[in-house]
Amino acid sequence: MAGTAGEWFDRHEEVGRYLCAKRRDLRALAAAQCERDSRLLGAVYHLKDGMWLWHRGSRFTPEESTREYLANAANEYDTLIEYGEDRAKAWAMTLGAVGERSFCSPERNNPIPEVVKLGGVERAVEFYRASSLAEISRLDRELRGVFSTCPKCRLTYLIEYRAMHYAAGKAAAERTRQVIVLPGRVVPDGRDPGLAAARAYGLISPWQATQWRLC
Ligand SMILES: [Zn+2]
């Protein structure tokens with residue numbers, strides 16, 4: 001796990017480019033698919049330094065883009081103050097300039113595929129062998145993962161790391177073909193009565209995720 005932040009970024013960029021170009025020729029251990037139209041949302045590949053999750057990235061609504069933009073400007077402002085910048089000047093450079101800049105950030109409206117390092121395949125196999133599917137897919141647990149938007153139906157899903165670990169571990173342990181995960185859908189908090197017991201995430205536009213399953 002040694003290495004500098006620079007090496008970390010370089011390796012992510014390298015893997016991102018590699019999987020973008022080559023992933024169709026590679027065998028994924030696990031794949032996340034849209035439950036409506038079976039489009040690929042993300043997949044786990046075993047590379048020389050462990051498992052990597054490639055995913056499509058998520059599409060933000062215009063409201064979400066605006067909120068994210070404002071949140072970033074507020075963060076920039078805080079950082080400038082922290083580093084001793086004059087308040088008026090920091091304001092003018094960040095939140096004060098919001099009205100002059102465009103909210104429209106095109107890359108946010110068109111999802112950009114991303115890669116995330118997941119860890120070793122041996123640990124995924126151990127996790128698969130030690131875990132109960134019913135237990136790890138419970139809705140009242142803390143969720144960690146990435147958003148991925150389906151290119152066809154435009155629904156956004158949460159590809160949970162735990163689900164992909166389990167599925168990749170299963171594929172490696174049983175030496176089967178890739179294991180398909182149907183990830184949970186991301187829905188606004190309170191919209192789905194079935195999720196009353198599930199945690200909500202996010203302060204500005206709270207969301208919940210429906211249960212993931214294996215196909
Ligand atoms: Zn879809």
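This is a predicted model: local features need pLDDT of at least 70, side-chain atom pairs count only at pLDDT 80 or more; totals for chains, interfaces and linings use all residues.
## Basis

Local features are given at pLDDT of at least 70 and side-chain atom pairs at pLDDT 80 or more, while totals for chains, interfaces and linings use all residues. Residue numbers start from 1 along each chain as its sequence is written.

## Domains

The chain is assigned domain 1 (5-59 + 111-214) and domain 2 (63-97), with bounds from an automatic or database domain assignment. Their centres, taken over C-alpha atoms, are 32 Å apart.

## Helix α5

Helices (H or I, at least four residues) and strands (E, at least two) are DSSP runs numbered from the N terminus. In α5 (residues 121-130), Val121, Ala124 and Tyr128 are buried, that is, 20 or more other C-beta atoms, placed from the backbone, lie within 10 Å of their own. These residues fall within an arc of 55 degrees seen down the helix axis, so they line one face; the arc is that of the directions from the axis to the C-beta atoms.

The face turned away carries Glu122, Arg129 and Ala130, which are exposed (12 or fewer such atoms). The cover over the buried residues includes β2 (40-47), β3 (50-55) and α7 (161-174).

## Sheet

An open antiparallel sheet has 4 strands in the order β5-β6-β8-β9; pairing requires at least two DSSP bridges between two strands. β5 (145-149) and β9 (207-209) are the edges, each with a single partner strand, so one side of each has no neighbour in the sheet.

β6 (156-160) and β8 (184-188) pair over 2 bridges, and leucine 158 has glycine 184 of β8 as its bridge partner.

How values were computed
Two residues are in contact if their C-beta atoms, placed from the backbone, lie within 7 Å.
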